[in-house]
Amino acid sequence: HVRASLFYLPDSERPVFLASPADVGISNRADTNYQKFVRNNVEQQKKGQEGYYTVSIMTPVGDVTLEQMKGIAAILKDHREGLIYVNIHHNLALRWIKGSEIPALYDKLKAIDLHLGEFHQVADITACPGKPTCGLAYTDSHTIGHELYEHIMAKVERYDAIGNFSIRINGCPNSCAQHYTADIGLQGCERAVGGEKLAHYMFYFGGDLQNDVRLAEREKERILHNKVPAAIDLILEKYVKERLPNERFKFFVERDNKRAEIREILGQFATERDADEAVTANANADG
């Protein structure tokens, strides 16, 4: 993690964390959104820090508004270190939270619309800034990240059963968003359509840097940017219907003929190269 301070407390004013706080339990609620938040975003801290929790805050494609930042600063005045942590996938985290604090903390996050229990779930998409601010990018990866996020959130209940999952989008082969390590990685490129260069994406499947480490493998198809959400829909639906109990996506794509079947899905959306398309560095990016 990279630590960043949005609200700073001098060392003399920081609270002392007791080895075993008394109020360690997390109150339950009938609210299914709260239950999902506790299940996905709240984690007990490591040995020696028993009784405290790390609470992760999922930011939609890494974005927060000024008002949300002000709300976070207000939260930090009341909760623990006065520090907030930023991870490499653009999410935030609060540490040293007692279980008894979590319901109130959830309510405060809900008031600034940062309460979604989607941490490390399908909707927790990472994207690099892309073409508007990066001279290396071929595509506006950040914008398509938001389009895909909204698309998934509109039917998120359908994908709740998937659990831990990563979608990472990069505007070029350099992998600032680490698309090589994702369950589904997208790499921006261009393809000529009717004589005009249009933004496309190549798909990578089956990456993971946590357990049984492997890099995702690239498929050859290039898909027009506005067709990406529909292609991912079909792939995720296939995964939900055909996976074995608790089967991770990286194992699913290697089982039986699944990768070939997923290639057939991509083929439904792939753009063929124009006959007169020049071979350029980005058209042949990454092989």
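A residue is taken as buried when its relative accessible area is under 20%, as exposed when that area is over 50%, and as partly exposed in between. In the predicted model described here, Asp233 has a relative accessibility of 9% and therefore counts as buried. Asp233 belongs to helix 5, which spans residues 228-242. Apart from residues up to four places away in sequence, Asp233 is in contact with His151, Lys155 and Tyr159.

An open sheet is formed by five strands in the order 6-7-8-9-10, with mixed pairing. Strand 6 (125-127) and strand 10 (217-224) each have a single partner strand and stand at the edges, so one side of each lacks a neighbour in the sheet. From one strand to the next, the twist averages 30°.

Within this sheet, strand 7 (residues 167-170) and strand 8 run parallel and are joined by four bridges. Asn170 is placed opposite Gln187 of strand 8. Strand 8 itself covers residues 184-193, and nine of its 10 residues are buried. Towards strand 9 (residues 196-205), strand 8 runs antiparallel, and 10 bridges connect the two. One of the residues involved is Gly188, whose bridge partner in strand 9 is Tyr201. Strand 8 and strand 9 make a hairpin with two residues between the strands, where Gly194 adopts a positive phi near 60°. Strand 9 also pairs with strand 10 in an antiparallel manner, through five bridges. Tyr204 has Arg218 of strand 10 as its bridge partner.

Helix 7 (residues 258-269) packs on the sheet and touches strand 9 and strand 10, its direction making about 20° with that of strand 10. Helix 4 (residues 141-153) lies across strand 6, strand 7 and strand 9, and runs at about 155° to strand 7.

Charged side chains were then considered. Side chains of opposite charge can pair when their charged atoms come close. Over the whole structure, 19 salt bridges are found. Among them is the pair of Lys238 and Glu261, with an N to O distance of 2.7 Å. Lys238 is buried, with a relative accessible area of 12%, whereas Glu261, at 26%, is partly exposed.

A salt bridge also joins Arg214 to Asp212, where the closest N and O atoms are 2.4 Å apart. Both members of this pair are partly exposed, the relative accessible area being 24% for Arg214 and 43% for Asp212. In the salt bridge between Glu247 and Arg255, the closest N and O atoms are 2.9 Å apart. Here Glu247 is buried, at 9% relative accessible area, and Arg255 likewise counts as buried, at 18%.

A nonpolar patch was identified on the surface, formed by Val64, Leu66 and Met69, which together have about 240 Å² of accessible area. Val64 is located in the loop between strand 3 (52-57) and helix 2 (66-78). With a relative accessibility of 31%, Val64 counts as partly exposed.

Definitions and conventions: Residues are numbered from 1 along each chain as its sequence is written. This is a predicted model: local features need pLDDT of at least 70, side-chain atom pairs count only at pLDDT 80 or more; totals for chains, interfaces and linings use all residues. Side-chain values use heavy atoms; hydrogens and water are left out. Patches are made of residues with over 30% relative accessible area and no salt bridge: like charges are joined within 9 Å, nonpolar side chains (Val, Leu, Ile, Met, Phe, Trp, Tyr) within 5 Å. Accessible areas come from the Shrake-Rupley method with a 1.4 Å probe; for residues, only the protein chains shown count as cover. A salt bridge is a side-chain nitrogen of Lys or Arg within 4 Å of a carboxyl oxygen of Asp or Glu. Buried means under 20% relative accessible area, exposed over 50%, partly exposed in between (1.4 Å probe, protein chains only). Two strands pair if DSSP finds at least two bridges between them. Contact means heavy atoms within 4.5 Å. Axes are lines fitted to C-alpha atoms, for helices over the stretch in contact, and angles run from 0 to 180 degrees between N-to-C directions.
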